[in-house]
Amino acid sequence: MDEKEIKFCEKIPWREYINLYTVETTLRWLIKHLMDQNPSQIIISKEILEEVERNRKDQIRKEDQSKVPKTLYTDPLLYLDFPRHYIKIFEDNWGIFKHIFLYVTRIKDDLKTLEPLRHNIAHMRPLRREQKEQLNVVSRRILRHIWDYINQKYVKEALEYEKEGFTDKAIEVLERGLKDTKNELIYSQGDPWVAFNLGRILKQHGKLEEARKWLSYAKINMPLDDPYREMVEQELK
């Protein structure tokens with residue numbers, strides 16, 4: 001949905017909720033993605049696994065007792081406690097996460113900063129202007145690290161191939177990037193920045209229908225305040 005079409009009450013912290021939702025779903029994707037790529041290296045402690053399973057069973061029990069529809073997804077990562085479990089996973093596997101977040105103290109502090117703000121939103125408590133600003137800055141900083149990782153791994157490699165004239169190879173890398181960055185909780189077709197670059201290359205090579213598909217997807221899914229939204233809109237013209 002385009003930002004101009006959203007008509008929420010100004011007191012509802014919908015932007016902040018979207019930021020938090022994006023942070024948590026993206027962190028879960030990153031952990032799962034690196035676990036898939038490093039199955040013998042990522043360590044999740046027995047303690048966390050047991051707590052996650054208890055959380056999952058408690059949720060099922062509450063749903064059964066309340067006779068409400070069951071939770072849509074059952075991935076164990078959906079039952080991680082924020083931020084405690086995330087911090088523990090990063091600490092235990094810092095050798096793998098270091099090249100993404102750079103400083104373990106910074107990511108720990110950022111996650112701890114989000115905790116009380118997250119509770120306020122979850123319990124319908126209004127946020128002060130300073131709290132909203134803090135949440136926006138911290139959430140964007142966490143996301144920027146992960147977005148830089150995705151950009152480095154897929155987009156930069158594809159642009160190098162494109163620069164050297166290997167267009168098919170560039171498209172192949174970006175299509176792989178879309179597949180790898182699929183996230184059932186937020187990006188059904190993969191990361192919007194990867195989609196934008198795929199659409200741009202396809203447009204340059206005359207594949208207009210397919211290009212419009214990916215550029216339109218990128219526009220819809222690009223974060224609301226991201227300056228790259230303007231780039232997407234220009235390409236769509």
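**Exercise 1. Surroundings of asparagine 93**

Which residues does asparagine 93 touch, not counting residues up to four places away in sequence? Locate the residue in this predicted model and classify its accessibility.

*Solution.* 
Step 1. Asparagine 93 touches Gln41, Ile42 and Ile43, once residues up to four places away in sequence are set aside.
Step 2. Asparagine 93 is placed in the loop between α3 and α4 (94-101).
Step 3. The relative accessible area of asparagine 93 is 4%. Buried means under 20%, so asparagine 93 is buried.

**Exercise 2. The nonpolar core and phenylalanine 101**

Identify the residues of the largest nonpolar core that touch the most other members, then list the contacts of phenylalanine 101.

*Solution.* 
Step 1. The largest nonpolar core holds 62 residues. Those touching the most other members are Leu27, Leu30, Phe90, Phe97, Phe101, Leu111 and Ile142.
Step 2. Helix α6 gives the most to this core, with 11 residues.
Step 3. Not counting residues up to four places away in sequence, phenylalanine 101 touches Leu27, Leu30, Phe90, Trp94, Ile107, Ile142, His145 and Ile146.

**Exercise 3. Salt bridges and helical spacing**

Examine the salt bridges of arginine 61 with aspartate 58, lysine 88 with aspartate 92, and aspartate 81 with arginine 84.

*Solution.* 
Step 1. The general principle is that side chains of opposite charge can pair when their charged atoms come close. The model has 19 salt bridges by the rule applied.
Step 2. In the pair of arginine 61 and aspartate 58, the N to O distance is 3.7 Å. Arginine 61 is partly exposed at 38% relative accessibility, and aspartate 58 is partly exposed at 33%.
Step 3. Lysine 88 and aspartate 92 pair at 3.4 Å, N to O. Lysine 88 counts as partly exposed at 32% relative accessibility, and aspartate 92 counts as partly exposed at 31%.
Step 4. The spacing in these helices can be read against a general rule: an α-helix has 3.6 residues a turn, so residues three or four places apart point the same way.
Step 5. Aspartate 81 and arginine 84 form a salt bridge at 2.9 Å, N to O. Aspartate 81 is partly exposed with a relative accessible area of 27%, while arginine 84 is partly exposed at 44%.

**Exercise 4. Backbone geometry in the loops**

Find the cis peptide bond that involves proline 83, and describe the positive phi values of lysine 67, leucine 102 and glycine 165.

*Solution.* 
Step 1. The background is that most residues other than glycine have a negative phi, and most peptide bonds are trans.
Step 2. The bond from phenylalanine 82 to proline 83 is cis, with omega near 0°. Proline 83 lies in the loop between α2 and α3.
Step 3. Lysine 67 is located in the loop between α2 and α3. Its phi is positive, about 55°, although lysine 67 is not a glycine. With a relative accessible area of 76%, lysine 67 is exposed.
Step 4. Leucine 102 occupies the loop between α4 and α5. Its phi, near 70°, is a positive value in a residue other than glycine. Leucine 102 is partly exposed at 45% relative accessibility.
Step 5. Glycine 165 follows α6 and has a positive phi near 90°.

How values were computed: Residues numbered from 1 in each chain as written. Predicted model: local features only at pLDDT ≥ 70, side-chain atom pairs only at ≥ 80, totals over all residues. Heavy atoms only, no water. Helix = DSSP H or I, 4+ residues; strand = E, 2+ residues; numbered from the N terminus. Salt bridge = Lys/Arg side-chain N within 4 Å of Asp/Glu carboxyl O. Buried < 20%, exposed > 50% of the residue type's maximum accessible area, 1.4 Å probe, protein only. Core = buried A, V, L, I, M, F, W, Y, C linked by side-chain atoms within 4.5 Å. Contact = heavy atoms within 4.5 Å.
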